[in-house]
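Here is a short tour for anyone meeting this structure for the first time. Have a look at the sequence and the model, then read on.

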Amino acid sequence: MNENKSDDSRNLACVFCRKNDDCPNKYGEKKTNEKWKLTVHYYCLLMSSGIWQRGKEEEGVYGFLIEDIRKEVNRASKLKCCICKKNGASIGCVAPRCKRSYHYPCGLQRECIFQFTGNFESFCWNHRPVQIIPPNNYRDSLPCTICLEFIEPIPTYNILRSPCCKNAWFHRDCLQVQAINAGVFFFRCTICNNSDIFQQEMLRMGIHIPEKDASWELEENAYQELLQHYERCDVRRCRCKEGREYNAPNSKWEIKRCQCCGSSGTHLACSSLRSWEQNWECLECRSIIYNSGDFQKAKKHALPNSNSMGINDCLLEESSPKLLKQSPGAQSKDLLRQGSKFRREISTILIEIGFQIKKKPKKLYINKANIWNSALDGLKNQNFNPSFTIEVAYINENDKFGREHPGSKQEFLSLLMQHLENSSLFEGSLSKNLSLNSQALKENLYYEAGKMLAISLVHGGPSPGFFSKTLFNCLAYGPENTQPILDDVSDFDVVQVIIRINTATNMDDLNSAINECYNYLKLIGCLKVTRTLSDKYHLVNDILFYHVIKRVQAPFESFKQGLKTLGVLEKIQTYPEAFCSILCHKPEAPSAKVLSDLFTVHTLSDVQALGFWNTYLQTVEGGKSATTMEDILIFATGCSSIPPTGFKPTPSIECLHMDFPIGNKCNNCLALPMTSTYKEFQENMDFAIRNTLRLEKEESSHYTER
């Protein structure tokens with residue numbers, strides 16, 4: 001392809017519409033293949049009714065093969081445009097029994113609608129989709145929210161209304177220019193910033209939203225000034241003799257910036273920070289955040305490197321025969337969204353979502369022996385609001401007096417996530433996908449599961465860590481952009497079918513394998529004619545896509561709706577790399593140093609007991625005790641790992657004159673015993689922790705067995 005437009009190419013006419021206009025906003029890019037002396041407008045090519053995109057992006061013209069383009073031109077030459085009455089009308093109205101054909105520019109002139117999505121359908125002026133808007137009381141004109149020129153608030157071809165904001169009206173031309181400049185990742189309602197509903201309606205009404213990054217993101221050095229780090233110590237009394245601007249990395253005179261605003265700084269030594277990893281807020285930010293009462297300082301945890309997605313050797317066939325071209329710098333949502341501007345710490349993201357949590361408390365009455373049903377009852381209650389502060393009270397159904405005991409919210413959320421992971425809503429061993437449970441679907445439990453996950457993440461719950469990469473990719477990028485793998489299939493018989501087909505060595509062997517599972521392939525709609533041995537890869541992909549994605553489409557949509565609670569799903573799709581670290585990966589076991597730093601000493605404690613405590617952590621980490629680091633954390637806080645947003649309140653230690661330790665999960669406080677020898681200290685710690693956790697586990701399993 002000739003990327004540089006010479007004067008000669010500018011004068012060449014498009015083989016479809018016969019026009020030499022070069023107007024990308026109106027007709028798409030104009031491209032000329034010098035070898036075959038063939039010029040096309042991108043939109044004329046894309047919307048032609050009789051051509052499919054059979055090649056790769058770099059083949060032919062945008063993946064449309066030259067031979068196919070010639071065949072389509074030949075087909076169109078026999079069709080007369082119903083508008084200009086000239087031959088070459090390659091686009092036809094898809095309405096049943098409508099025989100109108102037209103050129104793309106003629107269709108625009110006659111106000112036809114072209115949908116740049118799905119099967120790329122076109123509608124003539126009589127059958128085009130319209131916006132059905134109830135009668136309104138608008139007496140005066142309203143401004144277009146893009147160009148601000150006043151327009152009559154009546155939906156026509158040239159005037160469109162936002163589907164999410166009643167008072168947002170646009171010129172069609174303004175919307176199209178905005179869509180081309182913003183791209184799919186930034187094109188949204190100018191009033192409420194909604195993207196999903198807004199883009200869906202605009203695509204229906206014929207607005208082309210290119211699969212590319214925003215034009216302002218592609219400008220070289222457009223945000224160069226944002227890369228300049230603030231390097232100045234702003235504390236009242238700077239102790240550095242070299243001055244406030246002095247910055248010595250990897251020393252106590254390294255400058256740490258405010259984690260909230262980034263526009264204030266301090267030397268580590270000037271604010272008594274032991275390491276650069278510690279959080280620090282300037283006075284202005286601290287006064288705003290801490291006075292709100294909704295913020296809890298959380299330690300930063302490094303995100304594990306996300307592994308590359310497992311992809312089969314065979315390719316997944318696309319449902320649509322045509323694909324929108326992508327700009328060189330934006331070949332997929334995955335690459336775009338993993339750019340540096342999208343990389344943020346998961347704890348920061350969740351804390352920001354948590355700012356919408358109100359101080360108004362809502363108490364949930366939880367039976368630990370029946371965690372699932374009691375949680376369902378509480379969260380489905382019409383008075384429950386996920387943006388209220390959650391308080392937990394534990395009850396016992398066998399208690400005749402109906403007494404309640406203060407409970408730990410983080411312990412409750414941890415137990416709930418454990419139950420959810422092992423529930424019948426998911427299938428798989430370690431990395432799980434959604435199952436197909438008709439009873440759960442009928443009771444709307446998939447929605448409730450998604451809602452529980454969202455609430456748990458925002459309200460300080462643990463990292464779920466059990467999603468398969470396939471399930472996560474479906475949520476983050478959409479099922480249509482996801483390739484399942486064999487490990488996603490938990491049904492043994494289906495696995496055997498896939499392996500049998502995939503290992504066929506010749507056509508006779510492949511046909512034999514297909515005949516063996518003929519009824520199954522016919523049932524799931526994957527039975528197709530195979531002409532070459534390589535067709536087995538397409539067949540395997542079809543089976544995988546059906547079993548892992550299409551089969552559970554209804555549970556997935558319900559689960560996804562639940563995840564929209566508190567805006568969690570939108571954040572997952574905006575910051576997929578950050579959320580992948582907590583949804584697809586289990587946290588690492590805490591080390592002795594992590595636990596030692598995690599628990600703070602608030603009161604004057606026994607020095608010997610604290611020494612025993614640090615030695616005990618080293619003993620447990622070295623495997624010289626039956627207790628594990630997770631056991632200690634569960635005993636004190638109710639969680640087996642540190643939540644992404646940290647603990648609230650911060651775990652603490654106190655020393656009491658007693659023989660055995662006590663864990664107060666409501667306050668995340670661990671009371672250490674005061675003993676005369678370390679041996680006695682370890683024995684008492686092991687005995688209390690192991691037996692407490694064993695009794696709690698027995699109570700839980702007792703209900704499950706009933």
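## Before we start

A helix axis, as used below, is a line fitted to C-alpha atoms over the stretch in contact, and angles run from 0 to 180 degrees between N-to-C directions. Keep in mind, too, that this is a predicted model.

## Helix 14 and its neighbours

Let's begin with helix 14, which covers residues 445-458. What does its meeting with helix 20 look like? The axes of helix 14 and helix 20 (residues 553-563) come within 6 Å, crossing at roughly 35 degrees, and the crossing is right-handed. On the helix 14 side, the contact involves Y446, Y447, A449, G450, K451, L453 and A454. Helix 20 brings P555, S558, F559, Q561, G562 and L563. Sort the residues of this contact by class and you get eight nonpolar, four polar and one charged.

Helix 14 also packs against helix 12 (residues 409-421), this time at an angle of about 145 degrees and with the axes 11 Å apart. Here the crossing is left-handed. L413, L416, M417 and L420 of helix 12 meet A449, M452, L453 and S456 of helix 14. That contact has seven nonpolar residues, one polar residue and no charged ones.

## The nonpolar cores

The largest nonpolar core has 76 residues. Which of them touch the most other members? They are F412, L425, F467, I501, I543, F559 and F579. Helix 14 shows up again here: with nine residues, it supplies the largest share of this core. There is also a second, separate core of 34 residues, with V40, L46, I66 and A95 among them.

Leaving aside residues up to four places away in sequence, L425 touches W372, L420, N433, L434, S435, A440, L445, Y446 and A449.

Now for a position with a label. An unreviewed UniProt entry carries the annotation "active site" at C666. You'll find C666 in the loop between strand 20 (662-664) and strand 21 (669-673). Not counting residues up to four places away in sequence, C666 touches P406, G407, S408 and P649.

The peptide bond from K648 to P649 is cis, with omega near 0 degrees. P649 sits in the loop between helix 25 (629-637) and strand 19 (652-656).

## Two lysines with positive phi

Finally, take a look at the backbone of two lysines. K37 has a phi near 50 degrees, a positive value in a residue other than glycine. This lysine is in the loop between strand 1 (30-33) and strand 2 (38-41). With a relative accessible area of 67%, K37 is exposed.

K85 has a positive phi as well, about 70 degrees, although it is not a glycine. Look for K85 in the loop between helix 4 (66-76) and strand 3 (91-92). Its relative accessibility is 54%, so K85 counts as exposed.

Definitions and conventions
Residues are numbered from 1 along each chain as its sequence is written. This is a predicted model: local features need pLDDT of at least 70, side-chain atom pairs count only at pLDDT 80 or more; totals for chains, interfaces and linings use all residues. Side-chain values use heavy atoms; hydrogens and water are left out. A nonpolar core is a set of buried Ala, Val, Leu, Ile, Met, Phe, Trp, Tyr and Cys residues joined through side-chain atoms within 4.5 Å. Buried means under 20% relative accessible area, exposed over 50%, partly exposed in between (1.4 Å probe, protein chains only). Helices (H or I, at least four residues) and strands (E, at least two) are DSSP runs, numbered from the N terminus. Contact means heavy atoms within 4.5 Å. UniProt positions are given in the numbering used here, feature names are shortened, and annotations may be inferred rather than shown by experiment. A crossing is left-handed if the near helix is turned anticlockwise from the far one by less than a right angle, and right-handed if clockwise. Ala, Val, Leu, Ile, Met, Phe, Trp, Tyr, Cys and Pro count as nonpolar, Asp, Glu, Lys and Arg as charged, and the others, Gly among them, as polar.
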